[in-house]
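This report walks through a two-chain model for a reader who has not seen it before. Please look over the sequence and the structure first.

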Amino acid sequence: MASMKRYILILFNLLAALALNAQEVNLTVDAPERAAAGERFRIVYTVNATGGQFSPPAFDPSFSVSGPQQSTSRNVQWINGEMSSVSTTTLIYYVVATMPGRYTIPAASFESKNVTVSAPAREIEIVAGGAAASQSQGQVQSQGQSQGVSQASGAQAADGGTDVSLRLHVSTREVYIGQPVSATLKLYTRVNLSGINELKYPDFKGFLREDLETPELRSLETEVIDGVQYGTGVLQRFLLYPQISGEIRIDPVQMTAMVQQRTSMRDPFFDDPFFDSFFSGVSTVPRSVSSLPVTIRVKPLPEPRPADFHGAVGSFTLSSDLSKSEVEVNDAIDLTISIKGSGNLNLSGEPGINFPQGIEKYDPEVTVRSSGTAAGSKTFKYLLIPRNTGSFEIPPVSYTVFDPQQQKYVTLRSEGYSITVTGSGDQAEVAAPVYVPGEDVKYLGQDIRFIRSGNGSLTLVRQPLVKTTYYWLWFVLALFVASVVLLLRREQLRRNADLTGSRNRKAARTARRRLAKAKALLGSGMTEQANSELSKALWGYLADKLSMPQSQITRENCHTGMRARKVDEGLITEFDSIISVTEYSQYAPRTEGESPAALLERASLLIGKLDNVLD
Amino acid sequence: MRRAIAIIIILICSLPGVVSQSAAERYMQAGGLYSSGDYSGAAAIYRQLYEEGYRSEDLLYNAGNAFFRSGDNASAILFYERAKLRAPADEDIDYNLQIARSRVTDRFETVPRLFFARWFDFLSLLVSTNSWAMAALVMFVVSLLLALIFLTKSRARGRLLSFWLALTALILSAVMISLALRNNSLINNNKRAVITCSIVTGRSAPGENGSELFVLHSGTAVTVEQELGKFYEVKLPDGNKGWVRGDCMEKI
């Protein structure tokens, strides 16, 4: 089509060259009065001549200009046998202005065959954002109606900088973590589009994206925004689940729209549908379009999170169902826990159920039914197999969800069940023992321990004993008392020792004195007294020598004492015999045999001998 | 005579009770404040009681807790350390002190003390100074009695036994006296101090002119080596020394 068109144009150009026509040269400029900052708009210069020299205007330095895209056309007509030809040169500049404000596009000039014409300077207002789109002139045609009917006004191809736009609509801009945001990507166009290429989504950082089923865009719907008609169409719907808190920016969605653009001017001669579409070249120009970034404020969930919170955010209801409550051993039962409502069902975790020991639990079968929007249901189906007979209680399930409407945690509860397991004991015996793995205590944090109760048993601080003098004086006193006691005891011992010693030393002397007295008594004829004095002398001597008190003096004691001092047995016998004689004579005075004088002599001899041994 | 002794005993027993009647009430009041969340109020009462001269392991421990909760970590450490001196084997004090210490900015490679020095200190803190002192006195008297037996007894076997027992008792008495003295110096004359200023500079000389050696933060425990005017020479747990302003620390 395009190559054929170009062929025909060349043919007409050749024909026109034959008939030169001195027509007045005219330079016109077509530029929008307003344009949005950042959006591309076009400035079109049209001159009804070929050849020559076009001096472009000096664009504002802040504009980024591409082009010119130059095209030349020539029309030849015959009217009443007279041929006239019109040749047109079109120069298109694509301009993007970044700063809002009023700008002037200076005059441009065209020089041809010594004739210089100039196009007037144009004022242009650059506005921030997409406000220009609704005010710039133009017509929007829905794609469905545009086939073959071109109503573009003016000689230029109907195409503006803001004619095609893309918008991402979000249901809310302030959510909690996990609360789904439904987003719609919508296309707005005022020009004919032949198609859309390369729809490129950003990576939605911080969100989990779930695409919803969206019907393929086949036709555009007409929508009037601020009095301007747009063809609109939904490209994609999806749900976004925020995963982190903070101000999260969704980067622009980018796409390339294939814009149908007419390149030739309309000709009155060929003003009918067939020729229009045939001659006016409709070319497809790729145009990259992007949506504006969207910022969503994601609020964190309040702390502390309940222990049975498993990430569910939304408004839900909980229901449960047990397939049967009376069962044989080793027969399966189903426990179904379902969560219904709108929210992040996909991210809601499994409820924690404490199944009684003796019932074997398998990992639940999880089914999610979500219908386009976030409303739906999630079902956890537990397969339970009782391994022991008896009655078992399944406690009520408590499942805490965060309700963004109420802005608080809501605890849902299901009912509890009791299961009666019947069956023969043998089966239960065969059943595998239930292994209950131990679990370590979970430490949630570290904090100081609580204060001590009680009266505290307060005491006033006192002077420590070691800092007082009297404490140390006690030691001195104790030492002093001990010394005194020791000295006294020593003295006593010494005295006792002295007493014994003197008795010992004086023993012989005392005995001899008594013997002398006995001799005197004997001389005066008092034999009995003499004998008594003799026995006193002997007993007293032994008592003194053996350090014995008078009261303990008996024959046995004396024997023991003398034997301990290694006295000769002969001397002991002699002692015994003398004592026997004296005792005998005391009770039987008139004795025969030994005279008292001889006895005295024997006693004197004995004391002398004993004194040698006992010293 | 017996009556007089009874009266004296009653007076001695009732005297501390009468004096600390209001103190016990304030102590209980502080506990109530703590439970209701007014930690700084509780801490103020505990500190007041401490400054009035009241002592008990529980008082110091509770004061540490109240200071910790009210955010004054340095005072919390100070009181926990004081409580630890009175109850060296108490788990709760150790645990809380460890948590409070974990919030201190300064970290040191501590030089561990010799094990017998640690054991000796621990033993000396197990009972009070006066208990050690009384035990030492009793042991001294026992040793004297045994010595008397040794010196006056005439039988050889009893003499030898009494000699060794007397010697043992004398040594025990000496050990107890040193424990009593150590206990006293730890509790009443402790060289350790806790930094209370949030940040303070250690210098090479007393005064503001010495060159800066280190920076300490609140809660760090140091040992005071000597005092010169307003400046104390402190030894850090890693062995370094420097001069620090004395009003920036409180002795344990």
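## A residue of chain A and its core

Leaving aside neighbours within four places in sequence, A:Val401 is in contact with A:Ala312, A:Val313, A:Gly314, A:Phe316, A:Val410 and A:Leu412; two residues are in contact if their C-beta atoms, placed from the backbone, lie within 7 Å. A:Val401 is also one of the residues with the most contacts inside the largest nonpolar core, which has 48 residues. A nonpolar core is a set of buried Ala, Val, Leu, Ile, Met, Phe, Trp, Tyr and Cys residues joined through C-beta atoms within 7 Å. Buried means 20 or more other C-beta atoms within 10 Å of the residue's own, exposed means 12 or fewer, and partly exposed is in between, with C-beta atoms placed from the backbone.

Strand β13 (residues 181-189) of chain A gives the most to this core, with five residues. Domain 2 (137-300) and domain 3 (307-430) of chain A both contribute residues, so the core lies between them; the domain bounds come from an automatic or database domain assignment. Apart from this core lies another, of 45 residues, among them B:Ala43, B:Ile77, B:Ile195 and B:Phe231.

## The model and its confidence

This is a predicted model, in which local features need pLDDT of at least 70 and side-chain atom pairs count only at pLDDT 80 or more, while totals for chains, interfaces and linings use all residues. Residues are numbered from 1 along each chain as its sequence is written, and chains are lettered from A and ligands numbered from 1 in the order in which they are written.

The predictor gives the complex an ipTM of 0.77 and a pTM of 0.43. Chain B has a mean pLDDT of 85, and 90% of its residues reach 70 or more; pLDDT is the predictor's confidence in each residue, from 0 to 100. Over residues 13-19 of chain B the pLDDT is below 50, and this stretch has three contacts in the model beyond near neighbours in sequence.

## Chain A

Chain A has nine helices and 32 strands. Helices (H or I, at least four residues) and strands (E, at least two) are DSSP runs, numbered from the N terminus. Of the 615 residues in chain A, 25% are buried.

A:Ser62 lies in the loop between β4 (53-55) and β5 (63-79) of chain A. A:Ser62 is exposed, with 12 other C-beta atoms within 10 Å. Leaving aside neighbours within four places in sequence, A:Ser62 is in contact with A:Ala97, A:Thr98 and A:Met99.

## Where the chains meet

In the interface, 38 residues of chain B are in contact with 27 residues of chain A. The largest share of the side of chain B that touches chain A, 11 residues, comes from α8(B). That side divides into 23 nonpolar, 12 polar and three charged residues. Here Ala, Val, Leu, Ile, Met, Phe, Trp, Tyr, Cys and Pro count as nonpolar, Asp, Glu, Lys and Arg as charged, and the others, Gly among them, as polar.

Strand β32 (residues 459-460) of chain A and β1(B) pair in the antiparallel sense over two bridges; strands pair if DSSP finds at least two bridges between them. The bridge partner of A:Leu460 in β1(B) is B:Tyr54.

## Strands of chain B

Strand β2 (residues 192-195) and strand β5 (residues 221-228) of chain B pair in the antiparallel sense over three bridges. β5(B) also pairs with strand β6 (residues 231-235) of chain B, in the antiparallel sense over five bridges. β5(B) and β6(B) form a hairpin with two residues between them, and B:Gly229 in the turn has a positive phi of about 60°.
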